[in-house]
2 protein chains.
Amino acid sequence: MLSRNEVKYIQSLCHKKQRKETGLFIAEGPKLAEEISASKYIIEKIYALPEWINKNNTVNAVAINEKELSQISQLQTPNEVVLIVKQAEQTVEPVLKNKCTVVLDDIQDPGNFGTIIRLCDWFGVEQIICSNNTVELYNPKVIQSTMGSFTRVKIWYKNLVEFLKENKTIPVFGAVLNGKSLYEQSKLKEALLLIGNEGKGINDELLPFIQEKITIPKKGGAESLNAAVATGILLSHLT
Amino acid sequence: MLSRNEVKYIQSLCHKKQRKETGLFIAEGPKLAEEISASKYIIEKIYALPEWINKNNTVNAVAINEKELSQISQLQTPNEVVLIVKQAEQTVEPVLKNKCTVVLDDIQDPGNFGTIIRLCDWFGVEQIICSNNTVELYNPKVIQSTMGSFTRVKIWYKNLVEFLKENKTIPVFGAVLNGKSLYEQSKLKEALLLIGNEGKGINDELLPFIQEKITIPKKGGAESLNAAVATGILLSHLT
């Protein structure tokens, strides 16, 4: 049985401050458990229902019951297994030559960020550079909505003005509402694809770095597109 | 001041059963208020902060304070105004000739459904046919994530097997994981574009109706794409 302190400790990892202090994060469900096990991430602890433990032949997991699972789970529908995992920082700098890299300027919604990571994984984009104000990678909602793709896509947090200044040889394409039609843009061999915040778009101080402004042409009445959906459409045409 | 009964009544509209009984739904925020006011939807009541009422010159709104707003709001960050609106049913049948119509098979996530409605609005798709098990249009999370597009896109709920049987002259394109590459498919002038459930894909009983299976080619490691993102990518290439 889980002690009250253990439950409290696991629950506390849903707070950013606690994640920062411990260097840990939570991931849930069989799919994420499988993806993380197959990755370089180090699993600190596994709490799981006996069925999951038997199925996965895992000797070092802590068996818990449904009630305990619902206490430590962040999901509306708890899903068999909760992992405590060590955060990993990128130790090397991104390689931008001959690649398309996604650059996120203050994406705030965890679901959007997670979906963008999953999209990059799908379209073979290996790297994402985030502004320092982008939502934290290890937010449980981000991790869950990546569906495991965070184990394959490399992610850095940087001051974007400095980053763009240092990498002036790589062409920057910005997703905006009044640029050149996406359908007229040829595929990108080497590029930084800059995606703005959900409400405010791309920060003014980043606009001078953009070589080509790109727009998804609209035929109907909607004012804008969801940031993750827009990223998906751009990647499907440009990569 | 709002009476306790009035607060309870408004709160009750976040439950499907109550929405069905009253034929009403809730919408929140200045953007939705503006879109609904400009549409054919009939607004039953408006509760708003005095600032919003002054700005919008609305005489028949009920002025409430921040505390009351937070009591009746479903949003994490309440946003100035809450509307009670009359549900509207489509009185005529969809017109499928010379059009691209989206068909949703048991989409369950309210955010996905709302985002798909917004996408259809963006790409000029005027009609969506939903299976009877698709999440309810008037779910507050659906309404909010449409960003107002539900006022422009026409939506029907139908038994999809019967619907597809009755409309055999319209070619059906299905989004699947093992079909023809999206990039080899020419634009659709007249089509039903069938999108499956988030986890299970398209129901087996609908597969025989598909003339062409379409896939978004993948280059990386992700197993699947979010249903709304996939719909966006398909619409951007096919419409």
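## Aromatic pairs and chain symmetry

B:Phe25 and B:Phe150 are both buried, where buried means under 20% relative accessible area, exposed over 50% and partly exposed in between, with a 1.4 Å probe and protein chains only. This is a predicted model, in which local features need pLDDT of at least 70 and side-chain atom pairs count only at pLDDT 80 or more, while totals for chains, interfaces and linings use all residues. Residues are numbered from 1 along each chain as its sequence is written, chains are lettered from A and ligands numbered from 1 in the order in which they are written, and side-chain values use heavy atoms, with hydrogens and water left out.

Over all chains the structure holds 10 aromatic pairs, counted for rings of Phe, Tyr and Trp (its six-membered ring) with centres within 6.5 Å, and classed as stacked with planes under 30 degrees apart, edge-to-face over 60 and tilted for the rest. Two of these pairs involve B:Phe25, as tabulated here.

| Pair | Centre distance | Plane angle and class |
|---|---|---|
| B:Phe25 and B:Tyr41 | 5.7 Å | 80 degrees, edge-to-face |
| B:Phe25 and B:Phe150 | 5.8 Å | 85 degrees, edge-to-face |

B:Phe25 has 0% relative accessibility, and B:Tyr41 is buried at 14%. In chain A, ring pairs join A:Phe25, A:Tyr41, A:Tyr138 and A:Phe150 into a cluster.

Chain A can be laid on chain B with an RMSD of 0.0 Å by a turn of 180 degrees and a shift of 0.0 Å along the axis, superposed by least squares on the C-alpha atoms of residues with pLDDT of at least 70 in both. That is the relation of a two-fold axis.
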